[in-house]
Amino acid sequence: MDKLIIRGGKQLKGEVSISGAKNAALPIMTSSILASGRSAFARIPDLMDVRTMGRLLSNMGASYSYNEGSATIDSASMNKFEAPYELVKTMRASVLVLCPLVARFGRAKVSLPGGCAIGARPINLHLMGLEKMGAKIRLESGYVIAKTSRLKGASIYLDTVTVTGTENLMMAAVLAKGTTILENAAREPEVIDLANCLISMGARINGAGESVIEIEGVDELKPLKNYAIIPDRIETGTFMSIAGITGGDLVLKDCRPEHLDAAMMKLKDTGVIFKETKRGLRVIGPKNLIAKDVKTIPYPGFPTDMQAQFMAMMTIAKGTSVIKETIFENRFMHVAELKRMGADISIDGGTAAIKGVEKLRGAPVMATDLRASASLVVAALRAEGETVIHRIYHLDRGYEKMDEKLKKVGADIERVKG
Ligand code: EPU
């Protein structure tokens, strides 16, 4: 298993190119199931999760190829409508094949994802919506088996705002007979990106990005020739935290700051400076960060996917900050590791209190999930001495060439293969 060795304390300076968004790439790849033929997508990041999705689609008979950000998926030859446990257990987003399969082929067998490090993460709302649209669903030996002749439009209220739930049901509705209304839908930029992709394929969708989405089903969709996905807002935010904690000066190229309003407002309050420039968004870290409180909320609120990185910044801020995690029940796995580096953090349920310390010290630490690993990188870049981050396959699931990007802006970072 690869590990990262980081010797902190460098002021990072230079340009960082932001990659395509993992959480837009995954649903958009599965949207190719909805139209028979060859779809091509651009700006797909070279990540473990993207490779897993490619394997899943190939497993179902589609032909998949990837080359430097361009992914081609030909779904004409699909002949197996199953997402097996072996793949779903390595990537929960595999569940995004469920609704496209049912919408186009009238059947699917998808392993239930089960819990993960950050929470129980059920998919009851995906199933409730699909059932309302007329699919017959049964659970058998850990699998969801769904069947229907053709889905019908329905009015669906989602009790909890769910990103992949909204995406899955939107993909069910585009080929259903009649109109579907999704209420309390997720408003994330990745939902809008998927809707834009589906609209380019011929779907009729209104309101993506708002909490009520109306979808009028069509009989057929056409494959897309070249759809470029949005930049990764969480990678952007992670590099903002890195500039912030190292007192660095980074220019983030190819990013969309408007997707990060809440996070940027918080970072500004901590002392981080943003400047729009011709080359990209310049982010300047202050000499001393100021402690600020944060509560995670579905978009447009402060993203749960930025909570761990923000916490890493707060470990050395002046004062005490209180961070409330409201989306996932177990998303503080990074706390124990940050404490190994000298952070002063106490947890009470979903709330963490972080008392800023003078300095962090390098230590051996363990990555437990994707964003927790990112927070360890953020902290290690500031810590005195050497930090060894184990199990960085978590990081590789969602960050494209992070170590190379950091090295280019002056970080002392080394990947040790193992
Ligand atoms: N929920 C239910 N029932 C459902 C679906 C969700 O109770 O049927 C609950 C979840 O347990 C959670 C809340 O609703 O408490 C929100 O979960 P959501 O469904 O929105 O999460 P997700 O769609 O599984 C996506 C991202 C996550 C990100 C969350 C929240 C993808 C592939 N994943 O997950 O990304 O944290 O939305 O923004 O889009 C990451 O990239 O590190 C990551 C975990």
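Predicted model: local features only at pLDDT ≥ 70, side-chain atom pairs only at ≥ 80, totals over all residues.
Me: Which residues of helix 7 are buried?
Reply: Residues are numbered from 1 along each chain as its sequence is written, and side-chain values use heavy atoms, with hydrogens and water left out. Buried means under 20% relative accessible area, exposed over 50%, and partly exposed in between (1.4 Å probe, protein chains only). By this criterion the buried residues of helix 7 are Pro189, Glu190, Val191, Asp193, Leu194, Ala195, Cys197 and Leu198.

Me: Which glycine just after helix 7 takes a positive phi?
Reply: Most residues other than glycine have a negative phi. Just after helix 7, a positive phi of about 115° is taken by glycine 202.

Me: What covers the buried residues of helix 5?
Reply: Helix 5 spans residues 124–132, and its buried residues are Leu125, His126, Leu127, Gly129 and Leu130. Contact here means heavy atoms within 4.5 Å. The cover includes helix 4 (98–105), strand 8 (136–140), strand 9 (143–147), strand 10 (155–157) and helix 6 (163–173).

Me: Where is arginine 43 found, and is it buried or partly exposed?
Reply: Arginine 43 has a positive phi of about 65° although it is not a glycine. The residue is found in the loop between strand 3 (38–42) and helix 2 (48–59). Its relative accessibility is 26%, so arginine 43 counts as partly exposed.

Me: Which residues does a cis peptide bond join?
Reply: Most peptide bonds are trans. Proline 300 is found in the loop between strand 18 (294–295) and helix 10 (307–314). With omega at about 10°, the cis bond joins tyrosine 299 and proline 300.

Me: Why is the protein described as compact, and what is its radius of gyration?
Reply: The secondary structure comes to 14 helices and 24 strands. The radius of gyration is taken over C-alpha atoms, and the globule rule is 2.2 Å times the number of residues to the power 0.38. For 418 residues that rule gives 22 Å, and the protein is close to this value, so it is as compact as a globular protein of that length, with a radius of gyration of 21 Å.

Terms used: Helix = DSSP H or I, 4+ residues; strand = E, 2+ residues; numbered from the N terminus.
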